[in-house]
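Biologist: I would like to learn how to read pockets and contacts in a model. Where do we begin?

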Amino acid sequence: MKLDGRYLNLAKIADSGQCFRMTPSGKGFEIIASGRHVLVCHEGDSIVVKGDNDQAFWKHYFDLKTDYPAILASVDPDDVFLQTACAYSKGLCILNQEPFETLISFIISQRKSIKAIRICVEKLADRFGEKLGSRYLFPTPKALANANLQCLQDCAVGYRAAYIQKTAQMVASGEVNLNALYQLNHQDLVQELCHFPGVGVKVASCVSLFAYHNMEAFPRDVWIMRVEEQEYGGRFPEEKYPHMAGFLQQCMFFYGKSPDYRVKTVKNP
DNA sequence: AACCAGGGGTACC
DNA sequence: GGTACCCATGGT
């Protein structure tokens, strides 16, 4: 199956820190998402997906309906840093990911590096997920709700084990219906997600952006705050870009973490 | 070998 | 309502 790949850059998406189960494989990438396990790679102007034929799903997953070039073109030309960050990040998009996996993944994310998050998520899948071919799917809410606390801790999640277990129980029991939350706006959604243990405004914002695709979400982590301090004297005016702030945040995060930017901003007196 | 990682909960004031 | 401290674990 082929998709329009003229804008996307799979390598950048895989390295962007919004998804944790997209890994280099041969000339392309392996993706495990929403009960599917595929191989994707660039081929000319296309992205070739092998292992699944649900075109509607993958078009949505890669957010092909959003006009990213138009978004990039509408960035304030006087904001030199943002222009640079966006140019550097060309090919990034905001994926449409499954809410439960995104929720648990970003509960794990607190005080962890992206590499460490990947390891935890993989261990959870290996231990509690359903097998599909050579790999394991992300665990269902029920599987994590019934998981032994010590077994969860064996997945290197540390003190977050209790957060994961309780959150999974709240979902599995029906106390919270994640699919029903699509109808909420960003602010109400964040408030709702904050009821889960281990979820504060930052994690909730990530879930709002990466699963529910609320583009006005602007998650502030240590990297973003560092960039905001350096480039904007404290705070990026995200209200200036109500329908694309989340994507710009991705660009600022991706560029801000890159060696290019870090070398540039080193101060040697 | 200290220090940091896509923070949040809690106990204080 | 702010703020200080604690929380496991892996990478650098």
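Modeller: With terms: helices (H or I, at least four residues) and strands (E, at least two) are DSSP runs, numbered from the N terminus. This is a predicted model, where local features need pLDDT of at least 70, side-chain atom pairs count only at pLDDT 80 or more, and totals for chains, interfaces and linings use all residues. Residues are numbered from 1 along each chain as its sequence is written, chains are lettered from A and ligands numbered from 1 in the order in which they are written, and side-chain values use heavy atoms, with hydrogens and water left out.

Biologist: How is a pocket found?

Modeller: Rolling a probe the size of a water molecule over the atoms shows where empty space is left. On a 1 Å grid over the protein atoms alone, a pocket is an open set of points where a 1.4 Å probe fits, with protein on both sides within 12 Å along at least five of seven lines; lining residues have an atom within 4 Å of a point. Points are joined across faces, edges and corners, and a volume is the space filled by probe spheres set on them.

Biologist: Which helices each supply at least two residues of the lining of the largest pocket?

Modeller: They are helix 6 (114-128), helix 11 (201-210), helix 12 (222-232) and helix 13 (245-257). Helix 13 gives the largest share, five residues. The volume of this pocket is about 690 Å³. Of its 30 lining residues, Lys112, Ile114, Asp221, Trp223 and Phe253 lie nearest the centre.

Biologist: Where does the second largest pocket lie?

Modeller: Domain 1 (2-65) and domain 2 (99-210) both give residues to its lining, so the second largest pocket lies between them; the domain bounds come from an automatic or database domain assignment. Its volume is about 230 Å³. Among its 17 lining residues, Glu98, Phe100, Glu101, Pro139 and Pro141 lie nearest the centre. Helix 5 (99-108) and strand 3 (28-33) each supply at least two lining residues.

Biologist: Which residues are around DNA strand C?

Modeller: A residue is near a strand if one of its heavy atoms lies within 4 Å of it. Around DNA strand C are Arg111, Lys112, Lys115, Ile119, Ala156, Gly158, Tyr159 and Arg160. Of the atoms of DNA strand C that come within 4 Å of the protein, 59% belong to sugar and phosphate.

Biologist: What lies 3.4 Å from a base nitrogen of DNA strand C?

Modeller: A polar side-chain atom of Arg160 does. Lys115 has a side-chain N or O atom 3.1 Å from a phosphate oxygen of DNA strand C.

How values were computed. A polar contact is a pair of N or O atoms within 3.5 Å; within protein, one must be able to donate a hydrogen and the other to accept it, and residues adjacent in sequence count only if both atoms are side-chain atoms.
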